[in-house]
Amino acid sequence: MADITVSLKGGESAQIAAGATVGDAIRSLLSNRQRKQTVAALMNGEIVDFATTLDTSTELEPIQIGSAQALEVLRHSTAHLMAHAVRDLFGDDVKVAIGPAIDNGYYYDFKRSEPFTPEDFEKIEARMEELVRAALPFEKSVLSETEALSRFKAGGEPFKVELIEDLGEEVVSLYRVGEFTDLCRGPHLPDTSFIKAFKLLRVAGAYWRGDEKRDVLQRIYGTSFFDKKELKKHLNALAEAKKRDHRKLGRELQLFTIGDEIGPGLILWQPRGAQLRRLIEDYWKDEHCRHGYELLYTPHIARQDLWKTSGHLDFYQENMYSPMAIDDVEYQLKPMNCPFHIGVYASERRSYREFPIRWCELGTVYRYERAGALHGLMRVRGFTQDDAHIFCRPDQLEEEIFHILDLNLHILRTFGFTEYDVYLSTRPEKSVGTDENWEKATSALTMALTKKQLDYEIDPGEGVFYGPKIDIKIKDQLGRSWQCSTIQVDFNLPERFQMEYVGADNAMHQPIMIHRALMGSLERFIGVLIEHYAGLFPLWFAPVQARILNITDAQLEYCEEVCSQLQKAGVRVEKDLRNEKLNYKIREAQHKKIPYMLIIGDQEKETGTVTVRLSSGENLPPMKVDEFARKIAAEVVEGRGY
Ligand SMILES: [Zn+2]
Ligand SMILES: [Zn+2]
């Protein structure tokens with residue numbers, strides 16, 4: 001066969017025979033040492049593995065250990081390895097489905113009559129170790145659809161057969177590692193010896209193709225790394241995350257509850273959680289009023305016609321709940337607050353002089369989520385958006401975006417989030433609005449980000465159909481990212497609702513509308529706060545700031561006095577006056593993550609003081625009750641900002 005030229009990006013090139021593999025090319029182009037670091041290559045923007053054949057001259061960019069792409073190839077390859085081990089151990093009792101790489105790991109779905117147990121995990125891991133040591137190559141073959149179908153039919157693999165049928169391609173690719181052949185597009189590692197560290201994590205139920213009417217499969221989750229130390233670090237972080245799980249802490253700290261009798265995805269806030277939420281809401285409202293916003297309240301339902309005009313019935317219906325008839329007119333629960341704010345706008349004739357109009361609302365919305373997707377406070381069916389809409393003139397857009405960014409970051413910082421990932425999403429293929437408007441809006445967003453000196457990434461084509469947007473993800477203490485703020489310019493709703501204002505030229509114009517949520521939703525944000533702080537909230541929004549603990553019944557009356565004095569001074573205080581050992585009561589207060597314990601014995605009673613104990617275990621010298629109240633007030637001001 002004729003020779004082709006394969007060159008390395010920015011480096012050497014070599015002549016190899018057409019039909020040779022990427023692996024052959026890499027072996028002739030890279031030194032041994034570099035090759036050991038290379039797991040795949042980038043060719044024409046696509047990741048290809050060593051098993052890929054080359055028919056024409058091309059350029060390759062090695063993908064090396066240390067990159068996110070290499071990690072993804074590793075994890076997907078580990079999924080194959082795990083499926084191999086599972087097949088070896090459980091034979092025909094197991095049918096294999098799919099096994100992709102996911103964030104932080106991979107999974108593989110199996111159909112098996114018996115559940116996988118922790119003992120099974122050990123056996124699977126041991127078998128995987130053996131396969132790793134054998135340094136088995138991932139070998140690719142290309143088969144016609146008919147050949148592939150008969151192969152998997154003969155092998156008794158119904159899921160693979162269905163996948164091939166759905167693909168409807170003339171040819172499909174198969175990968176063999178050791179004794180296990182899988183239908184797969186790749187890419188994979190050169191061989192299994194690259195898998196240096198792995199761990200099976202858990203098993204969960206999953207429907208075949210996510211369809212609740214299809215087979216229930218067992219999904220085994222695992223993770224893998226190129227380095228044992230990295231795996232250990234990751235497992236430690238997982239253990240820490242488990243301890244901080246907001247569902248577990250929510251129960252232990254009595255913040256919220258979700259019950260079947262109420263309905264899945266619907267939150268009941270318990271008194272402490274409600275207090276926490278009130279403190280966050282009060283701060284949010286105060287900050288907005290200080291930054292030129294006005295507060296709105298709007299209803300939970302509206303006539304169906306409103307949702308027709310807004311376009312929600314056309315574009316968002318699958319997320320909305322069924323209509324209800326009131327006096328023979330159809331109404332629907334709101335999935336968003338926007339049309340209501342437009343209703344307030346339309347209640348009066350607007351002039352350019354009023355702009356910018358900044359309206360905010362803690363607006364509770366209802367959206368359908370699949371039962372399987374619901375997750376504690378993070379994914380729910382009814383939630384309160386910390387919503388705002390800004391109406392302005394085109395010449396005010398950039399300044400308004402800057403103003404929003406400024407307020408958002410200020411509030412996020414006050415809550416203790418100082419690291420962000422910022423994304424600018426530009427025009428998608430399907431969109432409304434003129435080129436000119438899109439360009440103006442996108443450049444206004446860019447200018448505001450630059451002026452705010454924020455590093456950002458561009459997500460090309462990921463804007464909403466009605467306008468470009470900025471998304472801000474916050475990083476928590478475990479380094480995990482959470483989507484929070486979103487700022488979206490909208491050309492669509494002002495058009496649909498024929499919004500207008502009188503301009504300086506006395507003619508009618510269409511305002512620009514900006515949608516903005518800062519926390520996203522209170523539910524989700526509180527979920528993130530619980531995990532970020534592991535339940536030990538900063539004093540300014542801790543639902544309980546102090547707990548009074550008496551030593552004996554002789555101090556009961558004095559404890560009541562202290563409690564009411566502190567409550568009057570605005571301290572969120574509670575008491576534990578049970579006839580229990582002091583140490584026991586201290587441990588319980590610590591367990592409830594209460595920042596201050598006020599210990600009261602005879603001496604405190606006689607001197608009109610309290611002994612302050614921190615949750616860390618440190619004791620402060622006894623202080624007068626009003627002195628303690630002042631200390632709390634000062635700390636609140638320090639944390640909250642005023
Ligand atoms: Zn694969
Ligand atoms: Zn909106």
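H76 is buried in this predicted model, its relative accessible area coming out at 13%. C184 gets the label too: with a relative accessible area of 13%, C184 is buried. Both residues turn up again at the zinc ion (ligand 1), where the protein donors are H76 (NE2), H80 (NE2), C184 (SG) and H188 (NE2). These donors sit 1.9 to 2.1 Å from the zinc ion.

As for geometry, the 4 donor atoms make angles of 90 to 126° at the zinc ion (ligand 1), and the site is tetrahedral. The site gets that label because four donors count as tetrahedral if all angles lie between 85 and 135 degrees. For reference, the ideal angle for four tetrahedral donors is 109.5 degrees.

Along the chain, the donor residues follow the spacing H-x3-H-x103-C-x3-H. H76 belongs to helix α3 (residues 68-90), while C184 falls in the loop between β11 (180-183) and β12 (197-207), so this pair ties together parts that are 108 residues apart in sequence.

Now for another histidine, H246. H246 is found in helix α8, which covers residues 246-252. Its relative accessibility is 0%, so H246 counts as buried, the cut-off for that being under 20% relative accessible area.

Notes:
Residues are numbered from 1 along each chain as its sequence is written. Chains are lettered from A and ligands numbered from 1 in the order in which they are written. This is a predicted model: local features need pLDDT of at least 70, side-chain atom pairs count only at pLDDT 80 or more; totals for chains, interfaces and linings use all residues. Side-chain values use heavy atoms; hydrogens and water are left out. Donors are N, O and S atoms within 2.8 Å of the metal (3.2 Å for Na, K and Ca); water is not among the atoms, so sites may look incomplete. Four donors count as tetrahedral if all angles lie between 85 and 135 degrees; four count as square planar and six as octahedral if opposite donors are over 155 degrees apart and all others between 65 and 115; anything else is irregular. Helices (H or I, at least four residues) and strands (E, at least two) are DSSP runs, numbered from the N terminus. Buried means under 20% relative accessible area, exposed over 50%, partly exposed in between (1.4 Å probe, protein chains only).
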